[in-house]
Amino acid sequence: MASPNGGDDFESSLLSFEKLDRASPDLWPEQLPGVAEFAASCKTPICNSPPKWMSDLESEDIEMLKELGSLTTANLMEKVKGLQNLAYQLGLEESREMTRGKFLNILEKPKK
């Protein structure tokens, strides 16, 4: 086993105080041409306007998005289950109304 002082000597022997000139294109070539310029252009916003999909939203829609975004995973799953149940209930109600319309003959095409 190495002594506690021996470990410090070993680590200090691994240190390098050599200064590398990172400005040299020969030592540090750009791996993919044009990436540096593209990265620099992405840092500055192209325009301050909201995305196209967001321009059609009303304030109520944005509030709903914020509300859904603030929910925990469990609360979000509960909300999704509630929406699924509501969709199922609406399907059942629509099915009953279509059957009712069929029996009342209001869905038949008029005869010419």
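1. Let's start just past H5, where Asn-105 takes a positive phi of about 60 degrees. That value comes although Asn-105 is not a glycine. Please keep in mind that this is a predicted model. Asn-105 sits in the segment after H5, and its relative accessible area of 49% makes it partly exposed. The cut-off for exposed is over 50%, so Asn-105, at 49%, stays in the partly exposed class.

2. H5 is built from 31 residues, and the distance from its first C-alpha to its last is 45 Å. That is close to the 45 Å expected at 1.5 Å a residue.

3. Now for the charged pairs. How many salt bridges does a search of the whole structure find? The search turns up one, in which the side chains of Glu-97 and Arg-100 meet at 3.5 Å, N to O. The limit for such a contact is within 4 Å, so the 3.5 Å between Glu-97 and Arg-100 qualifies.

4. Where do the two partners sit relative to each other? Both belong to helix H5, which covers residues 73–103. They are three residues apart there, so about one helical turn separates Glu-97 from Arg-100. In general, side chains of opposite charge can pair when their charged atoms come close. As for solvent, Glu-97 is partly exposed, with a relative accessible area of 43%.

5. Met-98, Leu-104, Ile-106 and Leu-107 make it, and its area is about 430 Å². One of these residues, Leu-104, lies in the segment after H5. Leu-104 counts as exposed, because its relative accessibility of 54% is over the 50% cut-off.

6. Finally, the chain as a whole. There are five helices and zero strands, and reading along the sequence gives the pattern α-α-α-α-α. How much of the chain counts as buried? The figure is 2% of the 112 residues. The chain exposes about 11300 Å², and 59% of that area is supplied by carbon and sulfur atoms.

Conventions: Residues numbered from 1 in each chain as written. Predicted model: local features only at pLDDT ≥ 70, side-chain atom pairs only at ≥ 80, totals over all residues. Heavy atoms only, no water. Helix = DSSP H or I, 4+ residues; strand = E, 2+ residues; numbered from the N terminus. Buried < 20%, exposed > 50% of the residue type's maximum accessible area, 1.4 Å probe, protein only. Areas by Shrake-Rupley, 256 points an atom, 1.4 Å probe, with all protein chains shown as cover. Patch = residues over 30% accessible without salt bridge, like charges linked within 9 Å, V, L, I, M, F, W, Y side chains within 5 Å. Expected span 1.5 Å × (residues − 1).
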